[in-house]
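Below is a brief report on selected helix pairs, backbone features and side-chain contacts. Please read it alongside the model.

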Amino acid sequence: MPTPSLAALPIRRLTLRDLNACADLSEDRGWPREEHKWGLLLSAGRGFGIDDPEGGLVAACVVTEYGAWGRPDLGAIGMVLVAERHARRGVGRRLMQHVLSTMGTTPLTLHATPYGRPLYEELGFKVTGRAEMLRGRFTPGGPEPTVATRAATAEDLPAILRLDEEVFGTDRTPLIARLPAFADQLRVAEEDGRLIGYTAAWPNMDTHVVGPLIARDTETAKALIASLAARTERPLRTDIDVRHEELLAWAKERGLASVAFNAVMTYGIAELPGDWTRRFAPLTVAAG
């Protein structure tokens, strides 16, 4: 039988059963396999993919929805990948158009690489910010942080969820509630018994990714990063909003080097909700 054209291949929902195929697709494009991250996104979000008749996936992406169940306030698009053998044939555009149609009037956001940005701009996404990826071994130094931090406990989860919604601007319970199982470390900052920040370090290949990072101010963010670094032997990786210049300079002084810049883009909304002054880094750029 003749092989169907790419345009005729159906787009379907992905599940955790597709985790290996998604990791294979990442590897095909020269990305790390990132099974751990794929597992989180496929369970907390909605995956979309196109099966290759010859095996594996032609393309995939994940949408993580935030807000009320069935009535999301925001959707974050990530992990948009097309197999190398099918690249530059309109597959990514078709998959994105399907997502836009499926999400209807829900505002959307994504982090775009320089390679992907032109397609997203053609589809109507606008650049509203930038994030700088840092990576390296953290070297302690300088004045000791004055903000108290500690390991989070199960009793902290309600307060973490309240703070996260206040700062992010919408409810992210399905994602954040998975952090205790997903991350190797989950830490909080307190003042007078009140939560003023939290962060996590989760394993990604040979690094620990720092995110989300939500903090009252830069000093609190520094204390949270330093507390994570003191408890891991791995290099750290994180994506910091470029408006947080002081934190970026401090992290570079401590050994983290700039790796790349991504454009933060939105669709159907002029800017992201919430309080960017307290939102330092996402859990992962794939989830907004």
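## Helix pairs

The axes of helix α8 (residues 218-229) and helix α9 (residues 245-253) come within 10 Å of each other and cross at roughly 30°. That makes α8 roughly parallel to α9. The crossing of α8 and α9 is right-handed. On the α8 side, the contact is made by T218, E219, A221, K222, I225 and A226; on the α9 side, by E246, L247 and W250. These contact residues divide into five nonpolar, one polar and three charged.

This is a predicted model: local features need pLDDT of at least 70, side-chain atom pairs count only at pLDDT 80 or more, and totals for chains, interfaces and linings use all residues. Residues are numbered from 1 along each chain as its sequence is written, and side-chain values use heavy atoms, with hydrogens and water left out.

A few terms apply here. Helices (H or I, at least four residues) and strands (E, at least two) are DSSP runs numbered from the N terminus. Axes are lines fitted to C-alpha atoms, for helices over the stretch in contact, with angles from 0 to 180 degrees between N-to-C directions. Angles under 35 degrees count as roughly parallel, over 145 as roughly antiparallel, 65 to 115 as roughly perpendicular, and the rest as oblique. Contact means heavy atoms within 4.5 Å.

The second pair is α1 and α2. The axes of helix α1 (residues 19-28) and helix α2 (residues 35-44) come within 10 Å and cross at roughly 125°. α1 and α2 are therefore oblique to each other. Their crossing is right-handed. L19, C22, A23 and S26 of α1 meet E35, W38, G39 and L42 of α2. The contact residues of this pair divide into five nonpolar, two polar and one charged.

## Backbone features

E34 has a positive phi near 50° and is not a glycine. E34 sits in the loop between α1 and α2. At 5% relative accessibility, E34 counts as buried (buried means under 20% relative accessible area, exposed over 50%, partly exposed in between, with a 1.4 Å probe and protein chains only).

M205 also has a positive phi, about 55°, without being a glycine. M205 lies in the loop between β9 (194-204) and β10. With 46% relative accessibility, M205 counts as partly exposed.

A cis peptide bond joins G211 and P212, with omega about 0°. P212 belongs to strand β10 (residues 207-215).

H208 lies in strand β10. H208 is buried, with a relative accessible area of 7%. Leaving aside neighbours within four places in sequence, H208 is in contact with D184, A201, W202, P203, T232, R234, P235, L236 and R237.

E132 is found in strand β6 (residues 126-136). E132 is buried too, at 4% relative accessible area. Beyond neighbours within four places in sequence, E132 is in contact with T238, D239, I240, V242, L248, K252, S258, A260 and F261.

Each of these residues has a side-chain polar contact, listed below. A polar contact is a pair of N or O atoms within 3.5 Å; within protein, one must be able to donate a hydrogen and the other to accept it, and residues adjacent in sequence count only if both atoms are side-chain atoms.

| Side chain | Partner side chain | Polar contact |
|---|---|---|
| H208 | T232 | 2.7 Å |
| E132 | K252 | 3.0 Å |

Methods:
Left-handed = near helix turned anticlockwise from the far one by under 90°. Nonpolar A, V, L, I, M, F, W, Y, C, P; charged D, E, K, R; others polar.
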